[in-house]
Amino acid sequence: MPANLAPADSSADRLQTVGVMNIEIRLFAAAAELTNTRQLRMQVAPGHSLREIRRRLTELYPVLQGLANVSRWAVDEHFVSDEFILNDDSTVAMIPPVSGG
């Protein structure tokens with residue numbers, strides 16, 4: 001696993017580095033199953049948009065590419081567009097479509 005990505009339940013200390021934001025990513029349903037995890041932490045430079053987070057996530061987990069394009073995305077429990085700029089300690093949620101009866 002790359003140094004800037006760790007499971008959310010990792011005991012690794014969070015870096016408080018100037019110019020670095022800590023982002024939590026929550027995966028649900030098929031996304032969690034495909035990656036075998038429900039939470040990740042990512043460190044990014046300030047000013048990153050949701051689009052950039054999506055791109056980095058699908059580079060790390062190519063299996064998510066198709067699913068990422070049809071999923072809803074939320075930041076801090078609000079649905080947002082790809083242009084949304086994240087803040088330090090934002091929580092991003094990838095919510096795949098579900099079906100049921």
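Colleague: Where is the place of Asp 76?

Modeller: Asp 76 is in the loop between β4 (72-75) and β5. Helices (H or I, at least four residues) and strands (E, at least two) are DSSP runs, and their numbers start from the N terminus. This is a predicted model: local features need pLDDT of at least 70, side-chain atom pairs count only at pLDDT 80 or more, and totals for chains, interfaces and linings use all residues. Residues are numbered from 1 along each chain as its sequence is written, and side-chain values use heavy atoms, leaving out hydrogens and water.

Colleague: What is the phi of Asp 76?

Modeller: Start with the general idea. Most residues other than glycine have a negative phi. Asp 76 is not a glycine, yet its phi is positive, near 50°. Glu 77 lies in the loop between β4 and β5 as well. Glu 77 also has a positive phi, about 70°, and is not a glycine.

Colleague: Is Val 75 buried or exposed?

Modeller: Val 75 is in strand β4. Its relative accessible area is 2%, so Val 75 is buried.

Colleague: Which residues does Val 75 touch?

Modeller: Contact means heavy atoms within 4.5 Å. Leave out residues up to four places away in sequence, and Val 75 touches Val 80, Phe 84, Leu 86, Ser 90, Thr 91 and Val 92. Val 75 and Ile 25 are 50 residues apart in sequence and 9.2 Å apart in space, C-alpha to C-alpha.

Colleague: How many salt bridges does the count come to?

Modeller: A salt bridge is a side-chain nitrogen of Lys or Arg within 4 Å of a carboxyl oxygen of Asp or Glu. The count comes to 6 salt bridges. One of them joins Asp 82 and Arg 51, at 3.5 Å, N to O. That pair links distant parts of the chain: Asp 82 is in the loop between β5 and β6, Arg 51 is in helix α2, and they are 31 residues apart. Arg 51 forms a salt bridge with Glu 83 too, the closest N and O atoms being 2.4 Å apart. This pair also links distant parts of the chain, with Arg 51 and Glu 83 32 residues apart. Arg 51, Arg 54, Asp 82 and Glu 83 are linked in a network of salt bridges.

Colleague: What separates Glu 59 and Arg 55 in helix α2?

Modeller: About one helical turn, because Glu 59 and Arg 55 are 4 residues apart in helix α2. Their side chains meet in a salt bridge, 2.8 Å, N to O.

Colleague: Which charged end sits over the ring of Phe 79?

Modeller: A charge sits over a ring if NZ of Lys or CZ of Arg is within 6 Å of the ring centre and within 35 degrees of the ring normal. Here the charged end of Arg 72 sits over the ring of Phe 79, 3.8 Å from its centre.

Colleague: Which residues form a nonpolar patch with Phe 79?

Modeller: Patch residues have over 30% relative accessible area and no salt bridge; like charges are joined within 9 Å, nonpolar side chains (Val, Leu, Ile, Met, Phe, Trp, Tyr) within 5 Å. Accessible areas come from the Shrake-Rupley method with a 1.4 Å probe; for residues, only the protein chains shown count as cover. Phe 28, Phe 79 and Ile 95 form the surface patch, with about 270 Å² of accessible area together. Ile 95 is in strand β6 (residues 91-95).

Conventions. Buried means under 20% relative accessible area, exposed over 50%, partly exposed in between (1.4 Å probe, protein chains only).
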